[in-house]
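Hello,

Here is the structure I promised to hand over. Please have a look, then read my notes below.

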Amino acid sequence: MFRRNNVTARIFERQIRTPAPGTSIHCARRFYENLVPSCTIYDVECPDHSFRKFTDDGQYLISFSRNHQDLIVYRPTWLTFSCKDEDCDTHDLPLKSKRFESFFTQLYCVPLASSSEFICKDFFLYIESNQFGLFATSTTQSHDAPAAGGAIPGIPCIEKITFHLLRLEDGVILDERVFRNDYVNVAHSMGVFLYDDLLAIVSLRYQTIHILQIRDSGNLVDVRAIGEFCREDDELFLNSNPLASIIVAVNHVGNGLHHNQSILESSFLSGIKQRLLSFIFSGIWTEETDQTLV
């Protein structure tokens with residue numbers, strides 16, 4: 001049946017028709033299509049916060065304090081002012097319409113960052129199924145940190161990066177995950193990806209992808225890390241490699257532990273690097289083979 005968008009026709013259909021079982025709420029929600037904003041209010045007195053964004057379902061407004069230490073969450077109050085007359089343009093809105101509190105209600109203010117950390121204002125991920133919010137705090141980055149422990153030279157270093165999983169309903173911090181002396185590009189979620197309940201965090205400094213699962217209970221559970229080893233048996237394969245046995249034998253003669261570690265680091269590429277190089281080599285090899293056939 002053809003459905004009309006006119007509000008009068010919809011009211012008439014609601015009186016003469018009975019919706020199918022379980023669909024009455026959907027029929028009622030269609031009336032919201034006829035309620036549209038008709039007025040823009042300027043120079044509203046807003047609190048001195050850094051407003052980030054609305055959640056995808058429009059239930060919460062995310063904002064941060066100016067010192068980037070606290071998280072402030074608001075809930076919209078939705079329809080606030082209306083006019084019953086035909087000519088509403090001639091009516092002035094009440095004075096309270098100039099206040100931010102007339103449209104939003106503050107739910108809570110939660111301190112996320114410590115004295116040496118700051119909230120990453122350009123990062124926020126929303127898990128709509130559980131109404132969880134993922135936020136990040138970090139210390140200032142350093143460009144002069146030495147590349148040690150398998151780190152890549154030339155990549156900045158951040159002493160501490162913390163991801164906070166928070167329940168937006170009441171502001172309770174459910175879990176945290178800390179990365180130390182690492183670098184994750186959290187600006188606009190470039191280095192953090194969310195798919196369903198799986199969270200992927202890319203460590204640029206150590207060339208590792210950390211995959212975590214967000215449980216319904218609010219826990220962050222490690223699933224696996226793709227970087228030095230890609231598959232579960234990669235470490236076993238490398239340890240059983242003949243070259244690794246030779247290195248162990250050389251170390252046994254007496255060259256020293258530090259020399260052994262330097263040989264290991266220069267002899268093997270990390271798993272993710274090896275697979276990327278293999279992919280590039282395979283593509284070049286295929287192109288050269290196709291040209292020889294022409």
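**What was found**

Q131 is partly exposed, with a relative accessible area of 24%; buried means under 20%, exposed over 50%, and partly exposed in between (1.4 Å probe, protein chains only). This is a predicted model, in which local features need pLDDT of at least 70, side-chain atom pairs count only at pLDDT 80 or more, and totals for chains, interfaces and linings use all residues. Residues are numbered from 1 along each chain as its sequence is written, and side-chain values use heavy atoms, with hydrogens and water left out.

Back to Q131. It sits in the loop between β6 and β7. Helices (H or I, at least four residues) and strands (E, at least two) are DSSP runs, numbered from the N terminus. Q131 is not a glycine, yet its phi is positive, about 55 degrees.

D196 also has a positive phi, near 60 degrees, and is a residue other than glycine. Its loop runs between β11 and β12. D196 is exposed, with a relative accessible area of 62%.

Next, the sheet. Four strands form an open sheet in the order β11-β12-β13-β14, with antiparallel pairing (two strands pair if DSSP finds at least two bridges between them). β11 (192–195) and β14 (220–226) are the edge strands; each has a single partner, so one side of each lacks a neighbour in the sheet. From one strand to the next, the twist averages 20 degrees (axes are lines fitted to C-alpha atoms, for helices over the stretch in contact, and angles run from 0 to 180 degrees between N-to-C directions). Six bridges join β12 (residues 198–203) to β13 (residues 208–214). V202 has I209 in β13 as its bridge partner.

Now the cores. The largest nonpolar core has 21 residues (a set of buried Ala, Val, Leu, Ile, Met, Phe, Trp, Tyr and Cys residues joined through side-chain atoms within 4.5 Å). F123, F163, V186, V192 and I201 have the most contacts inside it. β6 (125–127), β7 (132–138), β9, β12 and β13 each give two or more residues to this core. Its largest share, four residues, comes from β9. Another core, of 15 residues, lies apart from it and includes Y108, L112, L166 and L168.

Last, H164. It lies in strand β9 (residues 157–167). H164 is buried, with a relative accessible area of 2%. Its side chain makes a polar contact with the side chain of T137 (2.9 Å). Such a contact is a pair of N or O atoms within 3.5 Å; within protein, one must be able to donate a hydrogen and the other to accept it, and residues adjacent in sequence count only if both atoms are side-chain atoms.

Best wishes
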